[in-house]
Amino acid sequence: MGKFVIEKDKKGEFRFNLKAGNGEIIATGTEGYSSLAACKNGIASVQKNCLVANMEDQTVEGFETQKNPKWEVYKDKAGEFRFRLKATNGENIAIGEGYKAKASLMNGIDSIKRNAPEAQIVENLE
């Protein structure tokens with residue numbers, strides 16, 4: 001079972017990572033939040049949107065633009081596959097690491113869909 005881990009960064013902002021059952025980070029929140037409540041709202045947005053988001057694969061020529069919420073799959077400047085999860089309002093709410101293979105990226109997105117909706121929230125604020 002996955003878990004969302006909330007931590008404070010050096011600026012004192014609250015940030016979250018989604019970790020799979022094996023402890024690997026599978027998604028990272030895209031912003032720092034000024035309050036714990038706002039950070040938890042960001043987590044709730046990931047939980048809500050990850051299952052209903054459309055898939056927009058920007059690595060395919062002539063891809064069709066999807067409406068939000070959506071997963072944007074793209075290649076970065078280093079040639080690695082990455083994703084962005086966008087909320088209904090178009091804001092980026094989660095991103096992932098770079099993957100060498102597109103199949104690995106898709107497995108990562110599937111892992112988020114399996115883990116995020118029921119993931120417990122752990123506050124690591126020490």
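The face of helix 2 (102-115) that is turned away from its buried side carries the exposed residues A103, N107 and R114. Here buried means under 20% relative accessible area, exposed means over 50%, and partly exposed lies in between, with a 1.4 Å probe and protein chains only. Helices (H or I, at least four residues) and strands (E, at least two) are DSSP runs, numbered from the N terminus. This is a predicted model, in which local features need pLDDT of at least 70 and side-chain atom pairs count only at pLDDT 80 or more, while totals for chains, interfaces and linings use all residues. Residues are numbered from 1 along each chain as its sequence is written, and side-chain values use heavy atoms, with hydrogens and water left out.

The buried residues of helix 2 are L105, G108, I109, S111, I112 and N115. Seen down the helix axis, these buried residues fall within an arc of 155°, so they line one face of helix 2. The arc is taken from the directions that lead from the helix axis to the C-beta atoms. An α-helix has 3.6 residues a turn, so residues three or four places apart point the same way. The cover over the buried residues of helix 2 includes strand 2, strand 3, strand 4 (54-57), strand 5 and strand 6.

Helix 2 has 14 residues and reaches 20 Å from its first C-alpha to its last, close to the 20 Å expected at 1.5 Å a residue. That expected span is 1.5 Å times one less than the number of residues in the helix. Helix 1 also has 14 residues and reaches 20 Å between its first and last C-alpha, close to the 20 Å expected.

In helix 1 the buried residues are C39, G42, I43, S45, V46, Q47 and N49. They pack against strand 1, strand 2, strand 6, strand 7 and strand 8, where contact means heavy atoms within 4.5 Å. C39, in helix 1, counts as buried at 0% relative accessibility. Leaving aside neighbours within four places in sequence, C39 is in contact with I6, F14, R15, F16 and Y33. The C-alpha atoms of C39 and S104 are separated by 28 Å, and these residues are 65 residues apart along the chain. S45, also in helix 1, is buried with a relative accessible area of 18%. Not counting residues up to four places away in sequence, S45 touches A87 and I93.

An open sheet is formed by 8 strands in the order 4-5-6-7-3-2-1-8, with mixed pairing. Two strands pair if DSSP finds at least two bridges between them. Strand 4 and strand 8 (120-123) stand at the edges with a single partner strand each, so one side of each is left without a neighbour in the sheet. The twist averages 25° from one strand to the next. For such angles, axes are lines fitted to C-alpha atoms, for helices over the stretch in contact, and angles run from 0 to 180 degrees between N-to-C directions.

| Strand pair | Direction | Bridges |
|---|---|---|
| strand 1 and strand 2 | antiparallel | 6 bridges |
| strand 1 and strand 8 | parallel | 4 bridges |
| strand 5 and strand 6 | antiparallel | 6 bridges |

Within these pairs, V5 stands opposite N17 in strand 2, F4 stands opposite I121 in strand 8, and E72 stands opposite R84 in strand 6.

**Loops and turns**

Strand 1 and strand 2 form a hairpin with 5 residues between them, and G12 in the turn has a positive phi of about 85°. G12 counts as partly exposed at 34% relative accessibility. The C-alpha atoms of G12 and L36 are separated by 11 Å, with the two residues 24 residues apart along the chain. P69 lies in the loop between strand 4 and strand 5. A cis peptide bond joins N68 and P69, with omega about 0°.

**The nonpolar core**

A nonpolar core is a set of buried Ala, Val, Leu, Ile, Met, Phe, Trp, Tyr and Cys residues joined through side-chain atoms within 4.5 Å. The largest such core has 28 residues, and those with the most contacts inside it are F4, F16, L18, V46, W71, L85 and I112. Elements that each supply at least two residues of this core include strand 3 (25-29), helix 1 (36-49), strand 7 (92-95) and helix 2. Not counting residues up to four places away in sequence, L85 touches V46, N49, C50, A53, K70, W71, E91, N92, I93 and A94.
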